[in-house]
Amino acid sequence: MQKFILGRKNQITIISAILIITWFVSNLGFKNESIAVWSLIIASVIGLIPIAIQAYQALRVKVVSIDVLVTIAVIGAFLIRNYEESAIVTFLFLFGAYLEQRTLNKTRSAIKELTEMAPEVALKQLKNGEFEEVEIEEVDVGDILLVKTGAKIPVDGTVLKGAGHINEASITGEAVPVSKKKDSGVYAGTILENGTLQITADRVGEDTTFGKIIELVEEAQDSKSEAERFIDGFSKYYTPAVLVLSFIVWFISRDIELAITILVLGCPGALVIGVPVSNVAGIGNGARQGILLKGSEVISDFSRLDTMVFDKTGTLTIGNPKVADIEIYAENVNEVFAYLSSVEKESDHPLAKAVVEYIGDIESRRVEKTEVVKGGGIVAHVEDHRVAVGNVALMKQENVYLSEKVHVDIARFEKKGNSLVLTSVDGELKVLLGIRDQIRPGVKEDLQKLKKLGVKNLVVLSGDNQGTVDLVARELGLTEAHGHMLPEDKSEYIKVLQERGQIVAFVGDGVNDSPSLALAQIGIAMGGGTDVAIETSDVVLMNSDFSRLPHALGLTKATANNMRQNIFIAVGVVLVLLASVFFSDWMNMSIGMLVHEASILVVILNGMRLLRYKL
């Protein structure tokens, strides 16, 4: 019966409104006092029933809730025959709850959109080679699935056949379609905008990146910050205190209506709802932008950040070495490039891959007698020419003459932080390449935004040599730069910063830097959706998008400010209402309840502003 009544609170609210309108029309229009009174009595009774049920349920678990205060107040008003007050108070309370639920649902819309994107069916290949639609629960790791244009990718997997463009906004927050072909990785919950793919299931169900994102965001909503825990504890004592105050006022003044009014006005509804709605809206905004904030405690710490520490490779830099500088000492450059590319294709070294990528499509030559020189490079014979590709030490070993100009060029390249690749043909130097990991586009501008948002110290820690790290720090305007650091050195350095009283965020790739991510007050993973990144850190920037970092910091600061605003509004309204009871003639129960419900709506609407937050 209780469930039946509580499930029809909205209908009861509508009936209460109709009865109150009937009272108003009968009393003023037709002067029919009997109908007017009975309308108010029925409105009071049916309006009180769901409120009283909620009060009873709260008292059963030893909680003196807002519903308890309102129930006592309405019963008191009813007993002193103040039916007008009792009817209006119950209607406003129910109507306020309706508006509160409706607006709260909007704050959760980002999360709802995510869960609705979760795939429910898949086209699975049977033993006879045919594809049949099955429930997602029937898909296992290793199954081959068919995805057609417009369909959701049902699992995390690898493309076996086909090509197409996928909208990965649900994972990365970026709506620009991504090209996929054989051996490309795909994520569950993303949408194939064109093409047809056959994929092998690598991870299914809750183990997919998308499943973990939904789980994390839902956990974040349910987690409570220090402010919320304080308010929960405060409410446990505050609500009984209002009851005691009401009794004392009645005992001294013998004015039952005044005591009942205090019960209504003292309800801490806006205080209880204000902080959670800010958190939910902030987390929802982050989810839409490809930023996973793991709970309201993270928001609180992140908003007070003063030091941000970065890993270099893969965070400030792309993590993919490229040819950055080149000097050519040969006339037949295309032929030299053909030799160089052919030799480098024999190696899987990152620098060799960078060289091959830089040269691009060029006719390969036959490579023979390949010899890998440890710590030097490669020596091979290409079409009866002896080709050496490697560092300065290899050139000296091959007795290649390096002129004064070459030495100047080498010094210039090294000063820029390059790794050197020299190429000689038959003992003559032909090409000098400078290869370095490129700084992420836009990182300098993003770091400036972080400074404007109040980050005092920007520090880079890297395993690279100090010269290279210093170069990156100078180019990006960082506060400190430390090279030759192992993962354990980085975590020790973070401990030192924390001992100085600094609130530290560490930004890394979520793999080698997991100790630092776990140790810092805020671990921020540039993880591209990897398992380690999602599980180790407090904040995940999907798709390794550094440009989301300023938005994440600005959002947490806006969310923390929004919480404080809501607390101020809630406490201020209660104080003003209680003061009005004692020091004014115009305050009554109905006006108080109207203002009380309006304050709840105000803090919810204030929290909802975060859904539209932009840096």
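Keep in mind that the model is predicted.

Let's start inside. The largest nonpolar core has 42 residues. Which of them touch the most other members? They are F302, M308, F310, I524 and L549. Helix 23, residues 548-583, gives the most to this core, with six residues. A second, separate core has 28 residues, and I53, V89, L94 and V581 are among them. In soluble globular proteins, nonpolar side chains tend to be buried together.

Now pick out L549. What is L549 in contact with, once its neighbours within four places in sequence are left aside? The list is F302, M308, F310, L450, V507, I524 and L541.

F302 also takes us to helix 12, residues 296-303. Six of the eight residues of helix 12 are buried, so this helix is largely enclosed by the rest of the structure. Those buried residues are S296, V298, I299, D301, F302 and S303.

Next, the strands. Strand 14 covers residues 419-425. Is strand 14 mostly covered or mostly open? Mostly covered: six of its seven residues are buried. Strand 14 has partners, too. Strand 13, residues 385-390, runs antiparallel to strand 14, and four bridges join the two. Look at A388 to find one: its bridge partner in strand 14 is S424. Strand 15, residues 428-439, is also antiparallel to strand 14, with seven bridges between them. Here L422 has L432 in strand 15 as its bridge partner. Strands 14 and 15 form a hairpin, with two residues between the strands. In that hairpin, D426 takes a positive phi near 55°.

Another strand, briefly. V178 sits in strand 5, residues 178-180. V178 is partly exposed, because its relative accessible area is 31%, and buried means under 20% while exposed means over 50%. How far apart are V178 and G164? In sequence, 14 residues; in space, 8.3 Å, C-alpha to C-alpha. Not counting residues up to four places away in sequence, V178 touches G164, H165, I166 and E168.

Last, the surface. Find helix 9, residues 226-253, which holds F251. Is F251 buried or exposed? F251 is exposed, because its relative accessible area is 51%, and the cut-off for exposed is over 50%. Together, V244, F247, I248, F251 and I252 make a nonpolar surface patch of about 540 Å².

Technical notes
Residues are numbered from 1 along each chain as its sequence is written. This is a predicted model: local features need pLDDT of at least 70, side-chain atom pairs count only at pLDDT 80 or more; totals for chains, interfaces and linings use all residues. Side-chain values use heavy atoms; hydrogens and water are left out. Patches are made of residues with over 30% relative accessible area and no salt bridge: like charges are joined within 9 Å, nonpolar side chains (Val, Leu, Ile, Met, Phe, Trp, Tyr) within 5 Å. Accessible areas come from the Shrake-Rupley method with a 1.4 Å probe; for residues, only the protein chains shown count as cover. A salt bridge is a side-chain nitrogen of Lys or Arg within 4 Å of a carboxyl oxygen of Asp or Glu. Buried means under 20% relative accessible area, exposed over 50%, partly exposed in between (1.4 Å probe, protein chains only). A nonpolar core is a set of buried Ala, Val, Leu, Ile, Met, Phe, Trp, Tyr and Cys residues joined through side-chain atoms within 4.5 Å. Contact means heavy atoms within 4.5 Å. Two strands pair if DSSP finds at least two bridges between them.
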